Amino acid sequence: MLCNRLKFPKVKELRAGPLARADIGVESSQGNIGLSDWAEKPAEMAEARAGRGAARAFIAANLPLKPAPGLPEIVIHTATPASGLRRLAAGRNPYWAWCWAGGLALARHTLARPQTVAGRRVLDLGTGSGLVAIAAARAGAAHVLAADSDADALAAVEANAAANGVTIECLHGDLLDGPPPAADVVLVGDLFYDRAVAARATLFLERCVEGGAQVLVGDPGRAFLPLARLAPIADYPARDFGDSGEDEGRARVFSFRGRSELSSRPQRSDEPGARVCAARPG
Ligand SMILES: C[S@@+](CC[C@H](N)C(=O)[O-])C[C@H]1O[C@@H](n2cnc3c(N)ncnc32)[C@H](O)[C@@H]1O
């Protein structure tokens, strides 16, 4: 399996147990920057874009474009055994080289319910390949910002955005300890696989909600999902990158609840009146 070949933790282990922080290799050339800082630094952003040129060329040459699993309308540069990813991502886990189950569910939801993002400013936090950001752009978002702490992820987002004919602003950095973004909608696909990141992400998303943003999380049930903060609104068939054909699972889309909403009982997705999308066949 690809994940074993790359010495990745197996996808099932991501659901069941903790990953060491060192497995992630989080880096940020810009430190913790908030979107207001970012908006004032167009020169730095252009420089970062230029610096990603080699990674983007590698991705275009070695990761073939494939339809996202269950989402044939979006193509993604996807790693194969022949991609030689170690040459690019030595010592780091190139999570951006595949679509993850949480992102697939969230992208499906965004396309099925374009009103969620249409005309609004969207932040895709932990964008990876950019799948969710691309879905938001396709669904008519006014502006899409894709953020990731791995610079190669942004190279992948640029390549994937170009392949899908959409415009996405890229931000290399770790926003989690900074101020809430200037975004109306924050989309988070599959970010709750690590205890420390999950704890920081939960506090960050709380600040986003307090600042007036709507926050949606897509997740197949990873180990550190903050379920007490989440109200399920839909679920979809979604295959994780390491799963075989027989093993297709499902992933849910949740609305992240701010502190003021916590006293109310979470709405179940299967009860009358719940906002459930009809999941399309995988
Ligand atoms: C499992 S991947 C999911 C990618 C994509 N959202 C999807 O669903 O396909 C998680 C992504 O979050 C990024 N990430 C992890 N910690 C982060 C942080 N503190 N800030 C920004 N991105 C982070 C990783 O680099 C990786 O690209």
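How many residues surround the ligand, and which are the closest? In this predicted model, 26 residues surround the ligand, and the closest are Trp100, Gly103, Gly126, Gly128 and Gly189. The protein chain holds 9 helices and 9 strands, and 48% of its 282 residues count as buried. Among the contacts in the protein chain with a separation of 6 or more, 73% join residues 24 or more positions apart.

**Confidence**

- The average pLDDT of the protein chain is 82, with 76% of the residues scoring at least 70; over residues 1–7, however, the pLDDT is below 50, and this stretch has 12 contacts in the model beyond near neighbours in sequence.

**Ligand shell**

- By class, the shell around the ligand comprises 14 nonpolar, 8 polar and 4 charged residues.
- At least two residues of this shell come from each of α6 (101–112), α7 (131–138) and β4 (143–148).

**Nonpolar core**

- The largest nonpolar core contains 80 residues, and those with the most contacts inside it are Leu104, Ala136, Val186 and Val215.
- Alanine 136, one of these core residues, is in contact with Thr110, Val117, Val122, Asp124, Ala141, Val144 and Leu187, once its neighbours within four places in sequence are left aside.

**Helix α8**

- Helix α8 covers residues 151–164, and because its 14 residues should span 20 Å at 1.5 Å a residue, the 20 Å between its end C-alpha atoms agrees with expectation.
- Of the 14 residues of α8, 11 are buried, so this helix is largely enclosed by the rest of the structure.
- The buried residues are Asp152, Ala153, Leu154, Ala155, Ala156, Val157, Glu158, Ala159, Asn160, Ala161 and Asn164, a list that includes the charged side chains of Asp152 and Glu158.
- The partners against which the buried residues of α8 pack are α5 (53–62), β2 (71–77), α7, β4 and β5 (169–172).
- Glycine 165 follows α8 and has a positive phi, near 65°.

**Helix α9**

- Helix α9 has 16 residues and reaches 23 Å from its first C-alpha to its last, which is close to the 22 Å expected at 1.5 Å a residue.
- Its buried residues are Val197, Ala201, Thr202, Phe204, Leu205, Cys208 and Val209, and the buried residues of α9 pack against β6, β7 (214–219) and β9 (249–256).
- An α-helix has 3.6 residues a turn, so residues three or four places apart point the same way.
- After α9 comes glycine 212, whose phi is positive, near 105°.

**Two loop residues**

- Aspartate 190 lies in the loop between β6 (185–189) and α9 (195–210), where it has a positive phi of about 60° although it is not a glycine.
- Aspartate 190 counts as buried because 28 C-beta neighbours lie inside 10 Å, against a threshold of 20 or more.
- Arginine 113 lies in the loop between α6 and β3 (121–125), and it is partly exposed because 17 other C-beta atoms lie within 10 Å, a count that falls between the limits of 12 or fewer for exposed and 20 or more for buried.
- The C-alpha atoms of arginine 113 and alanine 139 are separated by 8.1 Å, although these residues are 26 residues apart along the chain.

Terms used. Residues numbered from 1 in each chain as written. pLDDT = per-residue confidence, 0-100. Contact = placed C-beta atoms within 7 Å. Core = buried A, V, L, I, M, F, W, Y, C linked by C-beta atoms within 7 Å. Near = placed C-beta within 6 Å. Helix = DSSP H or I, 4+ residues; strand = E, 2+ residues; numbered from the N terminus. Expected span 1.5 Å × (residues − 1).
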